[in-house]
Amino acid sequence: MDALWEKLFLYFQYPFVRYALIVGVLIALCSSLLGVTLVLKRFSFIGDGLSHVAFGALAVATILDMSNEMPLVLVITVACAVLLLRTGQNAKIKGDAAIAMISVGSLAIGYLLMNLFSKSANISGDVCSTLFGSTSILTLTLPVVWLCIILSVIVVAVFILFYNKIFAVTFDEDFARAAGTKANGYNLLIAVIIAVIIVLAMNLVGSLLISALVIFPALSAMRLFKSFRSVTICSAVLSVACSLLGMVVSIVGGTPVGSTIVAVDIVVFALCYLIGMIPGGVRS
Amino acid sequence: MAQLICEDLSLGYEGKAILKDLNFQVEAGDYLCVVGENGSGKSTLMKTILGLRAPLGGRVLTGDGLKRTEIGYLPQQTAIQRDFPASVWEVVLSGCQGRRGLRPFYGRAEKALAAENIAKMGLTPLTKRCFRELAGGQQQRVLLARALCATGKMLLLDEPVSGLDPQVTGEMYDLIARLNGEDGITVIMISHDIDAALRYGSHILRVGGAVFFGTKEEYLTAAASGFGKGGDR
Ligand SMILES: Nc1ncnc2c1ncn2[C@@H]1O[C@H](COP(=O)(O)OP(=O)(O)O)[C@@H](O)[C@H]1O
Ligand SMILES: [Mg+2]
């Protein structure tokens, strides 16, 4: 046990480990906030589709040899979020089909581009780490850390400011619109925030595992609590705790960061599921 | 001037009209019952009145100091998400949404209004309960309290008693009648139940087949003569 603490202590001496933890906690916090909305609005597919778009965008940024890929990836992903939401409302191409087209398309093109133009000797390693995150969290540079911090603060602030509107639009869109709330505008806002979260979370868990980071804490919290506010707070706490634990385990055990975090999320979900089955369990 | 005027209103989906050339008006304090077969376009009419759908033709006007966004709406069931985690308090308070405008948080006035409407619907002991775990009649009363937070003038109710057992149905009808009679709130209610419509309503709008609009007495006279053998009014 002492050896374990010593090892951890040693790791915390390194700034890149501290960056990783800061960024990880912020990303976990942001990604959990919109989980409930995503699950209940059947927007989880948009989240999934966008994460593939982000992969394609990252491939483009990589072959362009950009020093900081995040701005470009962010712009492309946000643009696609807007596009997906628009086509989702258009009856000609069904929403799901449009998402499937864009997401599979970006995966294919992204991989193709990486193969054609990459200067790296280890293409499959690169692809694997963009998809599953691997150790990339430990190679964060200071500008990326700052960008993550700024974006997280924006996401949290927007969520708190629009919390009541997001609740109204998620719970009953027709009622909200009848009362004069511009539901389409808020749907757009939600989609843009999702896009930002996905680009952020890609740094932590890679593009294939993002949905897990967004959805598991929300589902866990929904097993335990019954009001929107308590579910939101609980899912934020669970998400941060799971990510911290996952990161520590992965640092100590040398396991891939992203999949370790998701594994912890799954275990916690299973626990919450069981607790939720106890009649008269946690309430309010 | 009437609170709500529908002029030559045509409505439907993707350019295909379901209802054509509807003309009717609703005065303050009226209790209008909308009856008609399933699928005859009653819910679509509600959505058009609320501005959720654009009419295919004609127009919807509000007057007498009523704003379009000041109509309280109780949607047909199942529109609400089945597994949404929300407390009664959160649901009712969200009815204050419209009057909040762009200001982000609810103030003391909104909270007082929500508490008042919860009490009016007899829900005070349930305030902290989870919405989805309530019985059907209780859920409808929560949604009615939410609608009352959005308006003090006009309620649009889309089949408020469907799926409720006879006793709860009676209570719900009485509650609505009280809102209309005591608080002077205009009510437009969609109902399957023509007997209830004739018992509680002051005016009847029948859609689908022969369209009819008039007072309850006119409706009874017209019904006695078989709606002039299917003729439109
Ligand atoms: N979103 C929609 N798109 C196309 N047609 C619809 C839509 N919603 C309802 N309809 C059709 O419009 C007709 C009227 O529906 P509705 O207004 O719900 O009837 P009611 O409430 O009187 O039962 C029905 O035939 C229904 O199939
Ligand atoms: Mg209907």
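Which backbone nitrogen does the side chain of B:Ser10 reach? In this predicted model, the side chain of B:Ser10 reaches the backbone nitrogen of B:Asp21, at 3.4 Å. B:Ser10 is placed in strand 1 (residues 4-13) of chain B. Its relative accessibility is 12%, and because buried means under 20%, B:Ser10 counts as buried. Leaving aside residues up to four places away in sequence, B:Ser10 touches B:Leu19, B:Lys20 and B:Asp21, and also B:Pro55, B:Leu56 and B:Gly57.

With a relative accessibility of 30%, B:Gln76 counts as partly exposed.

Chain B also contains an open sheet of six strands, arranged in the order 5-6-7-3-8-9 with mixed pairing. The edges are formed by strand 5 and strand 9 (212-215) of chain B; each has a single partner strand, so one side of each is left without a neighbour in the sheet. From one strand to the next, the twist averages 15°. Strand 8 (residues 203-206) and strand 9 of chain B run antiparallel and are joined by four bridges. Within strand 9 of chain B, B:Phe213 stands opposite B:Leu205. Helix 8 (residues 216-224) of chain B packs on the sheet, where it touches strand 8 and strand 9 of chain B, and its direction makes about 125° with that of strand 9. Helix 5 (residues 136-150) of chain B lies across strand 5 and strand 6 (154-158) of chain B, and runs at about 165° to strand 5.

In chain A, helix 14 (residues 257-277) has 21 residues. At 1.5 Å a residue this helix should span 30 Å, which agrees with the 31 Å between its end C-alpha atoms. The buried residues of helix 14 of chain A are A:Val257, A:Gly258, A:Thr260, A:Ile261, A:Val262, A:Val264, A:Asp265, A:Val268 and A:Cys272. An α-helix has 3.6 residues a turn, so residues three or four places apart point the same way. The cover over the buried residues of helix 14 of chain A includes helix 7 (123-132), helix 11 (183-205), helix 12 (210-224) and helix 13 (228-253) of chain A.

Technical notes
Residues numbered from 1 in each chain as written. Chains lettered and ligands numbered in written order. Predicted model: local features only at pLDDT ≥ 70, side-chain atom pairs only at ≥ 80, totals over all residues. Heavy atoms only, no water. Buried < 20%, exposed > 50% of the residue type's maximum accessible area, 1.4 Å probe, protein only. Helix = DSSP H or I, 4+ residues; strand = E, 2+ residues; numbered from the N terminus. Expected span 1.5 Å × (residues − 1). Contact = heavy atoms within 4.5 Å. Polar contact = N/O pair within 3.5 Å; in protein donor to acceptor, adjacent residues only side chain to side chain. Pairing = 2+ DSSP bridges. Axes fitted to C-alpha atoms, helices over the stretch in contact; angles between N-to-C directions.
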